[in-house]
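Welcome to the tour! Open your viewer, switch to a cartoon view, and get ready to select a few things along the way.

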Amino acid sequence: MEPIVRAVNLHKVYNSGSVQVHALRGVDLEIPRGEIVAIMGPSGCGKTTLLNCLSGLDDVTEGEVYVDGVRLTDLGDDRRSEYRARRMGFVFQSYNLLPVLTGRENVELPLIVAGVPYRQAREVAIRMLDLVDLKPFADHKPAELSAGQQQRVAIARALVNKPGIVWADEPTGNLDSDTSAQIMDLLVRLNRENGQTFVVVTHDVGVADWAHRILKMRNGQIVEQIRAG
Ligand SMILES: Nc1ncnc2c1ncn2[C@@H]1O[C@H](COP(=O)(O)OP(=O)(O)OP(=O)(O)O)[C@@H](O)[C@H]1O
Ligand SMILES: [Mg+2]
């Protein structure tokens, strides 16, 4: 079966002022459908850059990215955004929740953007919040939630329209170990139930318990691959 993500010889060079940073130096990668992949490595080695380039949030300097057989560089900005909205979910360490909206409204947003009628969006959002054990907090705004609760809202939002692939950048970075374990259990459950692919940047020492494969990066390259669980 065709991998859901394929990257060929990715290079990313940032030009900031007079300084050039070669953040990705020839990354080749295939991610089979339904896999949970963890990306690990020291600060500054290029993990976030890799996620951004694979998901089309950022342009690559050289190389190709194919998602679901579609070459991302062939899509214009608009179609790439639309593609992301329909097919991908994102979980960042800083939750990016909209502060003026309640948890439920934050989770509804991707559905409304995708054209789901309001009443149905509301039902689906509440089901999703129930799945992350936050139904009683549906009407709370982000400022009225704990860090772990906010992160669970962000995960509910990322997953609500059942994207085939979910990108997560340190999704448990701010959380205590119990909450982190709960969140990873949730991702594993969704992976099993919906066959969703997860690409997760993490420093979690318990990573082998939930990832199928661990990629270790150093200095802009993947230097080691470990099969886990
Ligand atoms: N927008 C940018 N402009 C210039 N340089 C950047 C930019 N984003 C990242 N970099 C540089 O690219 C390199 C890789 O950064 P990246 O954010 O991908 O690292 P990371 O592995 O995610 O690190 P961390 O674990 O600290 O989040 C670093 O040297 C960083 O300074
Ligand atoms: Mg990072």
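**Before you start**

This is a predicted model: local features need pLDDT of at least 70 and side-chain atom pairs count only at pLDDT 80 or more, while totals for chains, interfaces and linings use all residues. Residues are numbered from 1 along each chain as its sequence is written, and chains are lettered from A and ligands numbered from 1 in the order in which they are written.

The names of helices (H or I, at least four residues) and strands (E, at least two) refer to DSSP runs, numbered from the N terminus. Two strands count as paired if DSSP finds at least two bridges between them.

**Stop 1**

Look for H11, which stands opposite E62 in β4.

How many bridges join β1 to β2? There are 10, and the two strands run antiparallel. A7 stands opposite L29 in β2. The pair forms a hairpin with two residues between the strands, and G17 in the turn has a positive phi of about 65°.

**Stop 1**

**Stop 2: the six-stranded sheet**

Now select the strands β6-β7-β8-β3-β9-β10, given in their order in an open sheet of six with mixed pairing. β6 (88-91) and β10 (221-227) are the edge strands, each pairing on one side only.

Zoom in on β3 (residues 36-40) and β8 (residues 197-201), parallel strands joined by four bridges. The bridge partner of I39 in β8 is V201. Then move to β9 and β10, which run antiparallel and are joined by six bridges. M217 has I222 in β10 as its bridge partner. These two strands form a hairpin with two residues between them, and N219 in the turn has a positive phi of about 50°.

Bring α1 back into view: this helix lies across β3, β7 (165-169), β8 and β9 (213-218), running at about 150° to β8. Axes are lines fitted to C-alpha atoms, for helices over the stretch in contact, and angles run from 0 to 180 degrees between N-to-C directions.

**Stop 3: helix pairs**

Two packed helices are described by the angle between their axes and the distance between the axes. Angles under 35 degrees count as roughly parallel, over 145 as roughly antiparallel, 65 to 115 as roughly perpendicular and the rest as oblique.

Select α5 (residues 147-159) and α6 (residues 177-194), whose axes come within 11 Å and cross at roughly 15°. That makes α5 roughly parallel to α6. G148, Q151, R152, I155 and L159 in α5 meet T179, I183, L186 and L190 in α6, where contact means C-beta atoms, placed from the backbone, within 7 Å. By class, this contact has five nonpolar, three polar and one charged residue.

For a contrasting view, select α3 (residues 103-113) and α4 (residues 118-131). They pack at an angle of about 125°, with their axes 8 Å apart, and are therefore oblique to each other. The contact residues include V107 and L111 in α3 and A121 and A125 in α4.

Finally, show α3 with α5: their axes come within 7 Å and cross at roughly 25°. That makes α3 roughly parallel to α5.

Terms used:
Two residues are in contact if their C-beta atoms, placed from the backbone, lie within 7 Å. Ala, Val, Leu, Ile, Met, Phe, Trp, Tyr, Cys and Pro count as nonpolar, Asp, Glu, Lys and Arg as charged, and the others, Gly among them, as polar.
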